[in-house]
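The sequence and structure follow.

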Amino acid sequence: MPLLLTQINPGWLLVVAGLLAMLVSVKALRQAITLLAPMGAILLLATAQHGVDHLSQDMLGLTLSLYRVDSLNFIFGLAFLLAALVNAVYALHTDDRMQDGAALVYSGCAVAATFAGDLMTLFIFWELTAVASVFLVLQAGTRAAYFASLRYLAVQVLSGLLLLAGIAAAWKATGSLSLAAFTSLDQPGALAIFIALGIKAAFPFLHNWLQDSYAKATVVGAVVLSAFTTKLAVYAFARIFPGHDELIWIGAAMTVFPVFFAVIENDLRRVLAYSLNNQVGFMICAIGVGAAGAGNALALNGAAAHAFVHILYKALLFMSVGAVLYRTGTAKASELGGLYRSMPWTALFCIIGGLSISAFPLFSGFIAKSLTMSAVAAEGTADPAMVIVWFLLLFASAGVLEHSGIKVPFTAFFGRDSGRRVKEAPFNMLLAMGMAAFLCIVVGLPAIVPGFGYQWLYGLLPYPIEAASYRPFTLGHILTQLQLLVLAAFAFMLFKRLRLYPTEKAGTILDTDWFYRRAGFEAVRWIDAVWTKAVSVGAQAASWAGRLAQGQLVAGFSPRGALSRSGRAGGMAVWTAVLLAGVLLVAFLSG
């Protein structure tokens with residue numbers, strides 16, 4: 001391949017292809033663009049040299065590193081490009097120029113941000129991901145999608161503004177835009193950047209934009225959204241804030257709190273959105289562990305591996321629920337059931353996705369989650385508090401099986417028979433789900449043949465030497481995980497039998513954003529009332545000023561004016577005394 005091509009950021013190719021797709025009205029040609037662009041981008045990445053700045057540019061006194069590949073961002077970029085290819089296959093049945101183009105531009109900006117070599121380049125593409133992705137929500141064309149897209153865009157832009165503020169503070173203090181990791185949140189700009197990344201990663205109390213927008217996006221849009229936004233934030237945390245203790249506890253909280261919401265949620269796409277919060281929590285926790293102690297390399301490998309496999313199995317789950325939505329017109333658990341009769345392949349792929357996200361042995365989630373759990377356990381030997389974190393992650397692992405591993409496939413395809421008899425998903429949807437399911441299985445298998453199975457993924461991790469020495473398929477790992485899964489499945493069946501498991505019914509689940517949205521609503525209503533009153537008083541004052549200018553008000557104080565003619569005799573003298581008393585009071589108070 002010519003040297004010039006190897007220096008092109010693969011994300012740029014996707015961005016250009018996406019803009020071109022928006023202009024092409026011929027469906028077949030546009031489909032060719034959406035398929036060939038990710039393939040070409042994967043080829044560009046495969047030939048890129050690691051550890052060098054492929055393209056730098058001086059701009060406004062800043063030196064921007066536009067394309068740099070290393071062991072950390074390579075695996076994230078590869079996962080993004082694979083997701084872009086699978087997404088393109090999944091969308092082949094549609095004829096929507098805006099959706100096709102926005103999906104490619106969005107994925108391209110995420111890839112370009114991943115391979116950015118400095119903070120300013122990261123910020124540029126960070127903001128472009130927000131602008132491009134919002135169209136995937138808007139294209140649903142509903143009133144709910146419109147308001148969800150406004151909220152989504154506002155939150156993402158806020159994240160970008162905080163990121164820019166942090167970059168400016170860091171650059172002013174150090175004169176550098178380096179992506180070097182911060183050692184403390186007390187460093188200039190560190191806290192602002194930390195919060196900016198936390199918004200995009202959907203930290204607790206900052207997460208509600210995710211459930212709101214993903215559940216209201218188009219069928220294809222929800223799949224595309226699930227792959228990039230939060231995982232770009234995970235990469236940024238791994239790059240800029242590895243080893244920060246705050247991330248350990250934030251990540252642990254992220255793994256636990258969505259479990260309760262997902263169990264009672266009726267909309268299956270919202271269930272998967274809560275599940276996404278849970279899975280990102282594992283990655284954030286691993287990044288927090290991954291800078292000091294015995295779990296350093298193990299934890300960062302766990303975060304990267306988990307991000308890679310999560311992009312695939314989460315896309316698979318969103319694709320299967322999206323296929324159900326496409327055929328039935330609903331993703332409500334209360335309106336579904338028995339679809340395995342008419343959508344058997346979709347049901348099978350959904351089960352594979354559920355087994356993968358539940359970390360069932362021989363599936364991709366098992367070999368990724370084992371790294372994180374082992375890293376936390378290793379840290380627990382030196383810090384007893386990490387034992388608490390380990391148990392929280394263990395509980396969250398069981399919770400994942402409850403909602404994504406069992407609830408989603410059970411309520412959609414089994415359970416009660418809803419009586420719906422529909423066609424199987426279109427072939428391109430099944431092909432995309434088959435591609436993702438194949439990777440979920442292949443990556444999770446033992447290394448029967450050299451280079452095959454989980455060792456292929458381990459060879460791509462940031463610390464491949466340490467990864468090569470790690471063995472996930474030990475008797476202890478397998479028995480621990482199987483016991484956990486069996487107990488979680490037994491608990492689900494028991495609660496169902498005793499009718500203690502929350503029933504699927506229509507309704508709105510109030511999340512933590514209710515509090516500040518309610519407070520914000522009351523504040524806005526109070527401001528509106530005050531403003532209305534102020535406008536009314538202002539209008540009255542203006543009226544009096546006009547009358548004063550016309551001499552009417554002055555004439556009212558004359559001996560023959562209105563004040564003299566009304567009330568008792570001598571009214572004018574009373575008013576004069578009142579005014580005089582007011583003047584004396586003001587003079588007294590002023591000293």
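Helix H5 (97-114) gives four residues to the lining of the largest cavity, which is the largest share. Helices here are DSSP runs of H or I with at least four residues and strands are runs of E with at least two, numbered from the N terminus. A cavity is a set of points on a 1 Å grid over the protein atoms alone where a 1.4 Å probe fits but cannot get out, and lining residues have an atom within 4 Å of a point.

The whole structure has three cavities of 30 Å³ or more, and the largest has a volume of about 140 Å³. It is lined by 14 residues, with Thr34, Asn87, Ala88, Asp100 and Ala103 closest to its centre. Besides H5, helices H3 (27-46), H4 (71-90) and H10 (219-240) each give two or more residues to this lining. Its classes are nine nonpolar, four polar and one charged.

## Basis of the model

The model is predicted: local features need pLDDT of at least 70 and side-chain atom pairs pLDDT 80 or more, while totals for chains, interfaces and linings use all residues. Residues are numbered from 1 along each chain as its sequence is written, and side-chain values use heavy atoms, without hydrogens and water.

## Largest pocket

The largest pocket holds about 650 Å³ of space; a pocket is an open set of grid points with protein on both sides within 12 Å along at least five of seven lines. Of its 28 lining residues, Asp212, Lys216, Arg270, Thr508 and Arg517 lie nearest the centre.

Helices H7 (143-174), H9 (208-214), H12 (268-289) and H21 (513-549) each supply at least two lining residues, and H7 has the largest share with four. The lining divides into 11 nonpolar, six polar and 11 charged residues.

## Aromatic pair

The structure contains 28 aromatic pairs, with ring centres within 6.5 Å. Tyr67 and Phe115 form one that is edge-to-face (planes over 60 degrees apart), at 5.7 Å centre to centre and 80 degrees between the planes. Tyr67 lies in strand E2 (residues 62-68) and Phe115 in the loop between H5 and helix H6 (119-138), so the pair ties together parts 48 residues apart in sequence.

Methods:
Grid points are joined across faces, edges and corners, and a volume is the space filled by probe spheres set on the points. Ala, Val, Leu, Ile, Met, Phe, Trp, Tyr, Cys and Pro count as nonpolar, Asp, Glu, Lys and Arg as charged, and the others, Gly among them, as polar. Rings of Phe, Tyr and Trp (its six-membered ring) pair if their centres lie within 6.5 Å; planes under 30 degrees apart count as stacked, over 60 as edge-to-face and the rest as tilted.
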